[in-house]
Amino acid sequence: MVLLHRDDATARLDKALRACADGTAQLVLTEGAPGCGKTRFLWYAADTAAAQGFTVLHLAADPAGRRRDRALLRRLTAVLTTLYPPGEDAAPGGGFGDLLTAACARGPVALCVDDVQYADRGSLDELLRLAHALRGAPLITVLTRSPHHRSDGAGLHTELLRHPGFVRIPLARLDVRDTAELARFWGMAVPADAALRLHRLSGGNPLLVRALLAETAGATGSPADTSGSDGAGPDPEPGGPFSEAFVTCVRRCGPAARRLALALAVLGPQADLPRAARLARLGADAAVRARNVLRAAGLVTDTGRLPHPVAESAVLATLPAEQRRAMHRDAARVLHHALAEPVLVARQLLAAGAAAHDWEIQALRDAAPYEPGPATGLDGAQAFLRLARAGCRDEPTRHRVTLQLASYTWRLHPAAAHRLLDEPYAALRAGQLSPADAGWLARLLAAQGRVAEADEALAHADPDVRPAPDGLPLRLLGTGSPGTHDRPGGQPARAAARWLVPGSRDDVGAAERQLDETPLTPATYESVSRALRTLVHHRPYRAAAWCARLAAQPLTREAPGWQAAFATAHADALLRLGDLDGARRAAASAIDLLGGRGGPFLLAPLALLVQALTEQGEYAAAAVHLHPTLPGEPYSTVHALAFLRARGRHALATGRPQAALDEFLEAGRIAGRWGADQPDLLPWRTDAAEALLALGRPAEAQALIADQLALPVGTGARVRGVTLRLSAATAEPRRRVALLADAVEELRDYGDRLELARCLADLGGALRLSGEGNRAGTVIRRAWQLAADCGAVPLRERIRPTTGAERAPELPELPERPGQPEQSERLGGAEAVAEAVRRGGDDVRLSGAEERVAALAAHGHTNREIAARLFVSASTVERHLTCVYRKLGIARRQDLPLELRMGAFEPAEG
């Protein structure tokens, strides 16, 4: 047998064996922590002695025999009797002492006893007596024990020192160099960084080193690689050789050390000696001794923690499940009394699976905002709050926990969050909810779109309470808040209006600043969503970019509810921009993310999907989604409004105007009842007016259009543009061009290409009726092109130009000098100029000021009106127009093409 890095120990043993062979008794005590090689050294001693002609008696003390008097001595007697059967002349009843004396008379004897700390007291006393009595005999007694063990009596070492042939051989842990050499001896190639990690994990304990090496060889299939997945050394696996060896070492360290190791494992990263001692119920001195035992075996790091999570799990696995849970709950108490962070206390309670005391419930609630990531396979905050709710015995506290849980559950399961609010809402109606909790409930109900219930809760709330961490005082949800107006009948629109129209066009800058400066967390989700809705309503192209950024956030990727909400907002923004394919994809993605967890919120992406499919002419595909099966009352939230509108748009597109009118009017009635009659959100009046026009009832349509134009909140560019377009349909012919021109301006600024295409198509028709055929052709071709770009097949087919539609961009090529009036007249003035502007040669490149003046002039504004609008003099306007006429080769205002003001068709900034 070969012993590595034990040269000093083997030299001392060899010396003692030579002295014994010369007739001087020796007493060798080998000490070392568990796993440091005591047993292996004892085997070496036994083999060496046997090779030198010694009679070897080799036994290990049994912990089970510690309570049986002279148990070890009886086993030694049996072994010695086997080696030297007594003769016929032997004295009857000869004891171990007589047998040992007789054996020594025949030749040198090596008595090797392992783990002497487990020996019963009677046997140990007899062994020590014989060692002293046989000083002149060729007897070497080799004992091994753990140095910090006290079960073998405090005076053992003193008794051993009295023996003249006493030799003490300590076996220490290995250093980094010796660890690397041991690995190489076992056939492992260990680079420097791997050797450091190997030593840190094993603590230099030879048994743990060998276990790690064996585990690494088994994992890689090759004994020559000890690098883990990161190339920095071995990484133990649960239940592997390292785990088993670690637990074995802990058990051999004694009861106190084992209790301390369990406490360290339970506390994990929060472990320190005072906390662990309190959890293990050890006094200060006992805890220090236990830590020293663990440290001597390399089982704890310099910071006093177990070396690896696998080691912690292995130690904890030695406890039955019930005891383990109880220990976790005790650890929560210890951390709570140590004023640790609530999240640390909550994690212990979650591992315990129980919480009932007030401080436990509060710790779980306090921890929720700081644990947004997954824990035990669930969202950590949700798991904390579910545990608190299950253990809460106080009804008011239970309602508050339920409200808090609902706000976090939305991240993963919107339908479950919807159901959670039913309990506190029932408590509200029973008069059991405090004003502060009623305010909190109102905010959550509004955020879920349950605006009628939110208003009911708001009526019971304290208006100055801030019910959420980032919440505004509830009085701002009431009358007078931005974006609200009175309901029909004089009732104020409160929660609904605040949630549905969170800001006006003037709030766009503040919304973008909030999105840019506010990190996305569970506490800020509501305010971030509110800012995003502001952009969706008023700057959809910016909202689309923000939706993509928010969807890429790490927290969002872990939260399907948030992902679905941002995908729905993205689909809404894209639909408002006329990107039908993009809106369709985003809405379908939101539906897939929700799966069976959407609840009433599922109607929001379904509405957008139906609208996109309808505008693309895929009526059958849209019809599949018109009657979804959802639990509960799905049409009790504001998401139903958009869905009713989508069904109406589908009915209108498929030639059923009366059914469409019924859907639009129903949506309007519900919106009015809820105080959600916001045209920017639900333009039901223009929808109904369009249906009425299809039914041949223009007077009723005009009345609805007039009502919408009169609403103070119906001033969004998109809503105003659509309203003006429909107003032109019922206006006198001489007013249609002006109304449609204003509608084009609104829709161009907003960026809705689909509605712009409709408006341009109507404008082209109005221009043709007024006798401006050339301009009408240009405008209609532009409308056709926009409809084609949007993928709006039915609209494109309806407005198909009468000649050359498919080749609209390829108008006749202009001569090199398009400034000649006769050429312009030959090609048809405005049309040729439009083509010249489209081609963008240097000769027709207008300055920004010239283009602004020409655009206003093209719509019939006088020079004085243009000067007042642009804050310049009338002479400056005349000068700019002269340059425009010269560059475009025209001589009169009537030849200014509408393309000048619609050339880019990109949304205006600001």
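These legends accompany close-up views of a predicted model.

Local features need pLDDT of at least 70, side-chain atom pairs count only at pLDDT 80 or more, and totals for chains, interfaces and linings use all residues. Residues are numbered from 1 along each chain as its sequence is written, and side-chain values use heavy atoms, with hydrogens and water left out.

**View 1. The whole chain.** The chain holds 47 helices and seven strands. Both are DSSP runs numbered from the N terminus: helices are H or I with at least four residues, strands E with at least two. Of its 910 residues, 55% count as buried (under 20% relative accessible area; exposed is over 50%, partly exposed in between; 1.4 Å probe, protein chains only). Among contacts with a separation of 6 or more, 67% join residues 24 or more positions apart. Contact means heavy atoms within 4.5 Å.

**View 2. The largest nonpolar core.** This core has 105 residues. A nonpolar core is a set of buried Ala, Val, Leu, Ile, Met, Phe, Trp, Tyr and Cys residues joined through side-chain atoms within 4.5 Å. Leu532, Trp562, Leu641 and Leu760 have the most contacts inside it. Helix α29 (residues 560–576) gives the most to this core: ten residues. Apart from it lies another core, of 96 residues, including Leu201, Phe242, Leu260 and Val345.

**View 3. Around Leu641.** Leu641 touches Ala667, Ile670, Ala671, Trp674, Ala676 and Leu682. Residues up to four places away in sequence are not counted.

**View 4. A five-strand open sheet.** The order is β2-β3-β4-β1-β5, with parallel pairing. Strands pair if DSSP finds at least two bridges between them. β2 (55–60) and β5 (166–171) stand at the edges with a single partner strand each, so one side of each has no neighbour in the sheet. From one strand to the next, the twist averages 15 degrees.

**View 5. Strands β3 and β4.** β3 (residues 109–114) and β4 (residues 139–145) pair in the parallel sense over five bridges. Cys112 stands opposite Val142 in β4.

**View 6. Helices α11 and α15.** The axes of α11 (residues 255–267) and α15 (residues 321–337) come within 10 Å and cross at roughly 75 degrees. Axes are lines fitted to C-alpha atoms over the stretch in contact, and angles run from 0 to 180 degrees between N-to-C directions. The two helices are therefore roughly perpendicular (65 to 115 degrees; under 35 is roughly parallel, over 145 roughly antiparallel, the rest oblique). Arg259, Leu262, Ala263, Val266 and Leu267 of α11 make the contact with Met327, His328, Ala331 and Leu335 of α15.
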